[in-house]
Amino acid sequence: MTAATTPDVPVPAGARPDDWEDDSPFPYRVLLGECRGINGVDTDHVSVQPTAIQFSDGRVDDGSVHEPPHVYLADNALSSSQARELAAVLIETADEVDGWASR
Amino acid sequence: MTTTHDDNATTWRELADALTPQQVAYIEDWERKPIPGFDNDHRAHQRGLLSAAQEFAGSNAAGAYYADIAQPPDASKIDVWMDEGDGCWSRRFDGTKRVVDNVTVHIDGVQTGDGRIKRTILVASNTFGDDGYMPAATARQLASALIAAAAELDGLGL
């Protein structure tokens, strides 16, 4: 259910917020980061994206309420060069989602 | 290669001589216990049994025909030879696995009838605890596993 009020909290750098949802103890919204792909492979097949839950007081859930920040991977068969590229993207995305968690 | 089994057979028992005892036992068990919703009538059931026997017989013949082809050195499990439907035969195999928490990086491959091998790296995202989501620490470990698998793949010469 969408929250009746819209909390005024900043969005972490690089994050795209979804709508606020009413919940106890706080309304929350899902944050999605950049969807990263690798060369020559459609992101429908291989992609990495950071996700997190942000509360209406600005905090990012550390996992104590819903879930901690995550890296989401959707994948398919890879060559060795694609696997190396995916590894780099995973590290880059992990750095980004860790940056959100440290706020 | 061409398969040696009789494509004109009308019952699976005509092919029994080309099957292993395990394959015969499998089909006899299926014959005794039709699958509800699949073997809807006697004729459909018999067609299914015959089709299975033809597939087994074809794989057995291919196994004999390609017996001189060396197995992939990194294979931990090799499937039987299968007709790809265009007259070309191949067999799939499992290579090494690297496990990171509940994520597995596989090297899997296909060997064709001319002995050539093609391998790919797969991340078993369907075994993630939450459908592809992982903590950042796991993502970094997975990155290390992918880099190691890529080095192995390059070392095997694809």
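Reader: Which residues form one aromatic cluster in chain B of this predicted model?

Author: Happy to walk through it! In this predicted model, the rings of B:Tyr26 and B:Phe56 are an edge-to-face pair. B:Tyr26 also forms an edge-to-face pair with B:Trp30. The one aromatic cluster is therefore made of B:Tyr26, B:Trp30 and B:Phe56.

Reader: Why is the pair of B:Tyr26 and B:Phe56 called edge-to-face, and what is the angle of the planes?

Author: Good one! An angle over 60 degrees between the planes counts as edge-to-face. The ring centres of B:Tyr26 and B:Phe56 are 5.7 Å apart, and the planes stand at 80 degrees.

Reader: Is B:Trp30 buried or exposed?

Author: The cut-off for buried is under 20% relative accessible area. B:Trp30 has a relative accessible area of 14%, whereas B:Tyr26 is at 47% and counts as partly exposed. So B:Trp30 is buried.

Reader: Which residues is B:His45 in contact with, leaving aside its neighbours within four places in sequence?

Author: B:His45 sits in helix H2 of chain B, which covers residues 42-65. With a relative accessible area of 6%, B:His45 is buried. Apart from those sequence neighbours, its contacts are B:Trp30, B:Glu31, B:Pro34 and B:Asp39.

Definitions and conventions. Residues numbered from 1 in each chain as written. Chains lettered and ligands numbered in written order. Predicted model: local features only at pLDDT ≥ 70, side-chain atom pairs only at ≥ 80, totals over all residues. Heavy atoms only, no water. Helix = DSSP H or I, 4+ residues; strand = E, 2+ residues; numbered from the N terminus. Buried < 20%, exposed > 50% of the residue type's maximum accessible area, 1.4 Å probe, protein only. Contact = heavy atoms within 4.5 Å. Phe/Tyr/Trp six-rings, centres within 6.5 Å; stacked < 30°, edge-to-face > 60°.
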